[in-house]
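Please keep the sequence and the structure in view while reading.

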Amino acid sequence: MGRWANKYVIGLTGNIAMGKSLVRKMLENLGAYTIDADGLAHQAMTPGAPSYAPVIEWFGKWILDDQKRIDRNRLGSVAFAHNAALNQLELLTHPVVGQALDILINRAKRPIVVIEAIKLVDGALADQVDAVWVVTSTPENQLSRLITKRGMTDWEARKRIETQNPQQEKLEKANVVITNNGGAEEVWTQVQRAWDKIPVRKTGTLQAPAPQTIAPPAPVQPPPRQPPAPSPPVQVVPTWTPPPIVTPPPPPPPDPATIQVRAGMPRDAESIAKMLSDTLGKAVTRNDIMLAFGEKSYLLAGSGSMIVGLAGFQVENLITRTDEFMVNANVPLDATARMLISAVEERSADLQSEVSFAFMARNTPANVLQPFLDAGYERIEPDALKIPAWREAAAEAQAADKQILMRKLRDRILTPI
C-alpha cells in the first residue's frame, strides 16, 4: 500500500521520449486523476513561484529571457550536461513539487491517481506509490522522437539520453510495463488491460480483485444420425434486375430533452472523426482521433449513438484549454453549448484545474460565443494575464486566427513563499 490513504497511486515513469505523457492522458480518459510532476517543476520556476528566485540565484541571470522568465533551453543546456548541476536543480525544485503533490493527491476526488515523473525510481517516491508503471520503447524510436517531435539535433538528442539513468533500472522496478513501439491502438490495448486489473473500486475502496470461478462447459451430445435428404428438383430461375440504390435520408435530430453529455472513448473515434470532418471540411481519420486521445479528452453531446456536439479539451499543469467546440445546426445551440461548457468545467474541477481557456475563431458568430460569456468567460489577450504560467499557456496555444476566452476556476496551488 502507498502512503496516501484511500487512494491507489500509480507512479508512471520511463526515460525521455518513451511515451509517458501518452499513457498518462490515456489513464486520465479512463478515469484516473493524473499529475505531471515534471510540469509542476516547471511551474515552480515561473516568476513569483517558490523556486524562481533560488534557481536564478544559483544558475545566474543569464538563464532569463527578455521577459525575465527562466528560459528552459538555456537552463537545460547546463542542467542536462552536468550531473552536479542537475542534482542542484532538483534540490531547488523537488521539495516544492513534493508539497504540491501532497495537496493535489489529498484533494483529488478520483480514487486512482497517476504521477508522471521521469525521476520516480531515483528517489523516495517509488516506495510511496502503490504501483510503478514504466513506459518503454526501442532506442531507435526514442532517438527519432527527440529529433522529429522535439526538434533536437542528433547530438543534442544523444546527449540528453546519455545524461539519464539507464532505462533498464526503471524496468527492474516495474509492476507494469507498457511498450510503445507500435501505433496508438496497440498502446491503448495495453493500458486498458492493465487498468482493468487495478485492485480498486470506482467508489475509492481499495481491495484485492475478487477470484473468478469458471464453470466447465456442459458435455455436447452428438445429434442423432439422419438419412440424407433427397436432392431438390432443378429449377430455372429467371433473370433478376436489382432495384436502384436509394440513399436513405439522414436520421431526424434527437429530441432536445434526450440530449446528454458523456465522455468520449476510443470506441467513439470514428463518430468523432466524422463530425470533425463534416464540420471542418477536411478529412479526419479514426487514427487521428486515437492519437489525439493521447493529448486531450472529448466530451460528446448526443442521444443514443447520435452525436450532435463535442468539446475537445486538455487539462495540463492545472490549466484547461478547449480548442475544439462544435454543435450541430439542427439542435438548440444555446442549451447544447451550455451543457458542454458545464461538462468541461465539471471535468476541470475534478482535475483541479485553476483556469479555463477556450480558443475560438475570430469570426465566430456572436450567438456561439454568448453561452461562454453567460458562463463567466471573458475575452483576453495573453499579454494581459498577470500569472506567468497562464500567460505562457495561452500564448503557446493561440493561433493568429483565434481569440481567447478565459474563466478563473480556483486559486493557485503554487504561490510564492
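Two strands are taken to pair if DSSP finds at least two bridges between them. The model described here is a predicted one.

## The sheet and its edges

With that criterion, an open sheet of five strands is found, in which the order is 2-3-1-4-5 and the pairing is parallel. Its edges are formed by strand 2 (33-36) and strand 5 (176-179), each of which pairs on one side only. Taken on average and with direction ignored, neighbouring strands of this sheet are turned by 20° against each other.

## Strand 4 and its partners

Strand 4 (131-136) has a pairing partner on either side in the strand order 2-3-1-4-5. Strand 1 (residues 8-13) runs parallel to strand 4 and is joined to it by four bridges, and the bridge partner of Gly 11 in strand 4 is Val 132. Strand 4 also pairs with strand 5 in the parallel sense, again over four bridges, with Val 134 standing opposite Val 177 in strand 5.

How many residues of strand 4 are buried? Six of its six residues are buried, and the strand is described as mostly covered. In a regular strand the side chains alternate between the two faces of the sheet. In strand 4 both faces are covered, with Ala 131, Trp 133 and Val 135 buried on one side and Val 132, Val 134 and Thr 136 buried on the other.

## A helix across the sheet

Helix 9 (residues 184-196) lies across strand 3, strand 4 and strand 5, and its direction is at about 165° to that of strand 5.

## Packing of helix 3 with helix 5

Helix 3 (residues 52-59) and helix 5 (residues 83-107) pack with their axes 9 Å apart, at an angle of about 155°. Angles over 145 degrees count as roughly antiparallel, and the two helices, helix 3 and helix 5, are therefore roughly antiparallel to each other. The crossing in which helix 3 passes helix 5 is right-handed.

Which residues of helix 3 and helix 5 meet? From helix 3 come Pro 54, Val 55, Trp 58 and Phe 59, and these meet Ala 85, Gln 88, Leu 89, Leu 92 and Thr 93 in helix 5. Sorted by class, this contact of helix 3 with helix 5 comprises seven nonpolar and two polar residues, and no charged ones.

Technical notes. Residues are numbered from 1 along each chain as its sequence is written. This is a predicted model: local features need pLDDT of at least 70, side-chain atom pairs count only at pLDDT 80 or more; totals for chains, interfaces and linings use all residues. Side-chain values use heavy atoms; hydrogens and water are left out. Axes are lines fitted to C-alpha atoms, for helices over the stretch in contact, and angles run from 0 to 180 degrees between N-to-C directions. Angles under 35 degrees count as roughly parallel, over 145 as roughly antiparallel, 65 to 115 as roughly perpendicular and the rest as oblique. A crossing is left-handed if the near helix is turned anticlockwise from the far one by less than a right angle, and right-handed if clockwise. Contact means heavy atoms within 4.5 Å. Ala, Val, Leu, Ile, Met, Phe, Trp, Tyr, Cys and Pro count as nonpolar, Asp, Glu, Lys and Arg as charged, and the others, Gly among them, as polar. Buried means under 20% relative accessible area, exposed over 50%, partly exposed in between (1.4 Å probe, protein chains only).
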